[in-house]
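Subject: Structure for you to look at

Hello,

Here is the structure I promised, with its sequence. Please open it alongside this note; my findings follow below.

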Amino acid sequence: MTIKEIAKLAGVSTATVSRIINNSGKVKEETRIKVQSIINQHNYHPNQVARTLFKKKSNIIGIIVPDLSNMFYSKIIEGIQQIIDSTDYSLMISFSAGADDKKYIDFIQKFQQENVDGIITSAFNEQYANKIKTPFVMYDSANIEDDIIRIASDNRSGGKLISGLLNRNVKKVLIQHIDLSLPTVGERFNSLITELNKRDITYNLVSVDGLSRKKASQKVLENIENFDAVISVNDEYAADIIKEAKFKGYRIPDNFQLVGYDNTNLAQYTNPTITTIDQQAFEIGKAAARRLLDRIDGNKNTENTIIPVKALKNESTL
């Protein structure tokens with residue numbers, strides 16, 4: 001049963017049926033009773049598209065997450081949820097977008113079909129983002145100045161703080177990395193390299209693109225005897241390095257120091273605990289939700305929100 005079929009049985013327009021379903025607009029009482037009787041008789045339950053077809057607001061906010069299994073993004077969602085809980089909005093989440101721009105576009109199109117009032121998405125190619133008509137903000141973004149509202153961690157400070165977590169005895173570092181062309185990665189990496197050069201610390205790069213975390217950790221440890229420290233992609237990759245290092249008989253930080261990134265809960269549950277950079281994911285989520293609500297209310301300000309980072313020295317460095 002569809003709205004169109006109900007309208008045909010009742011002898012009214014689909015717009016009239018939608019107004020009755022959504023309790024909006026003026027409808028004659030006898031018409032309302034007739035349509036409601038047909039709805040009850042056929043046990044009709046409207047989907048969200050039908051319910052919002054003639055509404056200006058759906059009270060739904062869509063969220064796009066690259067990887068729900070990553071605790072960093074889970075914390076961002078918690079931050080978003082805290083702000084949204086105090087409003088009349090509900091959340092709709094699409095996840096496993098990864099770095100696939102097509103998936104982002106597909107998710108956004110589905111959100112727009114559901115008539116969402118706004119979208120909170122992790123950063124993706126801005127050439128596609130500029131085509132979005134629904135109010136939206138990007139989190140996990142670099143500090144790029146354009147017409148998009150971006151919630152950016154202070155990646156440059158993050159790179160600088162990583163260097164400060166390595167003690168004076170460190171002379172050669174192995175840097176584990178993902179695609180350096182990604183703006184967020186580039187900001188952090190360039191700042192880190194500047195600081196390492198100031199300290200005359202030499203470094204080698206090892207890409208983990210296309211590798212499982214287990215394979216990535218094995219690759220890091222292939223020539224670890226030549227390095228004093230490893231700077232990992234994030235805490236999850238660092239945890240795998242710790243696991244693989246124990247298997248091979250290495251002791252951290254005695255044989256080499258290790259620095260992660262993100263400060264997820266995992267950093268406190270490894271042995272040793274992981275020295276890391278706190279991106280304050282919870283605050284990123286809260287900021288993203290506040291900025292979106294502000295945009296939905298008509299604020300046109302597109303200035304970026306920069307979330308400060310913190311260095312946390314734990315047991316994996318000396």
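Strand β6 (residues 172-177) is joined to β7 by 6 bridges, and the two run parallel. Within this pair, Ile 175 sits opposite Leu 205 of β7. Strands here are DSSP runs of E with at least two residues, helices are runs of H or I with at least four residues, and both are numbered from the N terminus. Two strands count as paired if DSSP finds at least two bridges between them.

Before going on, note that this is a predicted model: local features need pLDDT of at least 70, side-chain atom pairs count only at pLDDT 80 or more, and totals for chains, interfaces and linings use all residues. Residues are numbered from 1 along each chain as its sequence is written, and side-chain values use heavy atoms, with hydrogens and water left out.

Back to the sheet. It is open, has 4 strands in the order β7-β6-β8-β9, and its pairing is parallel. The edges are β7 (202-207) and β9; each has a single partner strand, so one side of each has no neighbour in the sheet. From one strand to the next, the twist averages 20°. That angle is taken between axes, which are lines fitted to C-alpha atoms (for helices over the stretch in contact), on a scale from 0 to 180 degrees between N-to-C directions.

Next, helix α12 (281-296). Its 16 residues should span 22 Å at 1.5 Å a residue, and its end C-alpha atoms are 23 Å apart, which agrees. The expected span is 1.5 Å times one less than the number of residues. Buried residues of α12 include Ala 281, Ile 284, Gly 285, Leu 292 and Ile 296. Buried means under 20% relative accessible area, exposed means over 50%, and partly exposed lies in between (1.4 Å probe, protein chains only). The buried residues of α12 pack against several elements, among them β1 (60-65), α5 (71-84) and β11 (305-307). After α12 comes Gly 298, with a positive phi near 110°.

Now the cores. A nonpolar core is a set of buried Ala, Val, Leu, Ile, Met, Phe, Trp, Tyr and Cys residues joined through side-chain atoms within 4.5 Å. The largest one has 25 residues, and Ile 76, Ile 120, Tyr 139 and Ile 151 have the most contacts inside it. At least two residues each come from β1, α5, β4, β5 and α12. The largest share of this core, 8 residues, is supplied by α12. Leaving aside neighbours within four places in sequence, Ile 76 is in contact (heavy atoms within 4.5 Å) with Tyr 139, Ala 281, Ile 284 and Gly 285. A second, separate core has 18 residues, including Leu 221, Phe 227, Ile 242 and Ala 245.

Last, some backbone points to check. Most residues other than glycine have a negative phi, and most peptide bonds are trans. The bond from Ile 252 to Pro 253 is cis, with omega near 10°. Pro 253 lies in the loop between α11 (235-247) and β9 (257-259). The bond from Asn 271 to Pro 272 is cis too, with omega near 10°. Pro 272 lies in the loop between β9 and β10 (276-278).

Asn 263 has a positive phi of about 60° and is also found in the loop between β9 and β10. Asn 263 is partly exposed, at 23% relative accessible area. Gln 280 has a positive phi of about 55° and is buried, at 16%.

Best wishes
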